[in-house]
Amino acid sequence: ATIAQATTAEDATNSGTVTVGTISDTAAAIAASTNAVIANSAGAVTASTAATVAQATTIDAFAKAVVFAVSDTAAAIAASSSDALDEATSVTASTTATQAQADTIAAFGTAVVYNVSGTAAEIVAASAGARNEAVNITITGDATIAQATTAEDATNSGTVTVGTISD
């Protein structure tokens, strides 16, 4: 059932209980729903689209677990909390994180897919976790050999790109 269908069933004035098999709808529709409607699902409640951080925060507060992914800006994810994202099946930053955002995101208990970009000084100042958990690391502008080596030594899953190296 969709949220609209489940809401119609919930709004009925029958004397018994309301039960729907499963609910599948967009993250926006699920986030705009209520605990009463979501609780009527005897099976899984699944978001067919990725939720924003704001939607994930609402969805996470429902008493019944909801299957959903999150995709939002690095800024929105960094301003969030691991608690708001802990039920998500995956969390992806749709924009490149700054060093400060990457440090915050890397500290979450929930894994987040993100890229990080900044000056050589910013990338070197980032926590090892922020560099290691990033997919791609980009140093904009000049880097010394030591700074480039620090970035290159990260265990990130993607590439390390350095603008120029001068020493």
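Of the 167 residues of the chain, 38% count as buried, a term that denotes under 20% relative accessible area, with exposed meaning over 50% and partly exposed lying in between (1.4 Å probe, protein chains only). The model is predicted, and local features therefore need pLDDT of at least 70, side-chain atom pairs count only at pLDDT 80 or more, and totals for chains, interfaces and linings use all residues. Residues are numbered from 1 along each chain as its sequence is written, and side-chain values use heavy atoms, with hydrogens and water left out.

The C-alpha atoms of the chain occupy a box of roughly 80 × 20 × 20 Å along the principal axes. The radius of gyration of the chain is 21 Å, whereas a compact globule of 167 residues would have a value near 15 Å; the quantity is taken over C-alpha atoms, and the globule rule is 2.2 Å times the number of residues to the power 0.38.

The chain contains ten helices and seven strands. These elements are DSSP runs numbered from the N terminus, of at least four residues for helices (H or I) and at least two for strands (E). Three of the strands form an open sheet in the order 5-6-7, with parallel pairing; two strands pair if DSSP finds at least two bridges between them. Strand 5 (116-119) and strand 7 (160-165) stand at the edges with a single partner strand each, so one side of each has no neighbour in the sheet. On average, neighbouring strands of this sheet are turned by 10° against each other, direction ignored.

Strand 5 is joined to strand 6 (residues 137-143) by four bridges. Gly118 has Ile139 of strand 6 as its bridge partner, and Thr119 stands opposite Thr140 in strand 6. Five bridges link strand 6 and strand 7, where Ala143 stands opposite Ile165 in strand 7.

The largest nonpolar core comprises 45 residues, of which Ile30, Ile59, Phe68, Ile77 and Tyr114 touch the most other members. Such a core is a set of buried Ala, Val, Leu, Ile, Met, Phe, Trp, Tyr and Cys residues joined through side-chain atoms within 4.5 Å. Beyond its neighbours within four places in sequence, Ile59 is in contact with Ala27, Ile30, Ala31, Ala51, Val66 and Phe68, contact meaning heavy atoms within 4.5 Å.

Definitions and conventions
Axes are lines fitted to C-alpha atoms, for helices over the stretch in contact, and angles run from 0 to 180 degrees between N-to-C directions.
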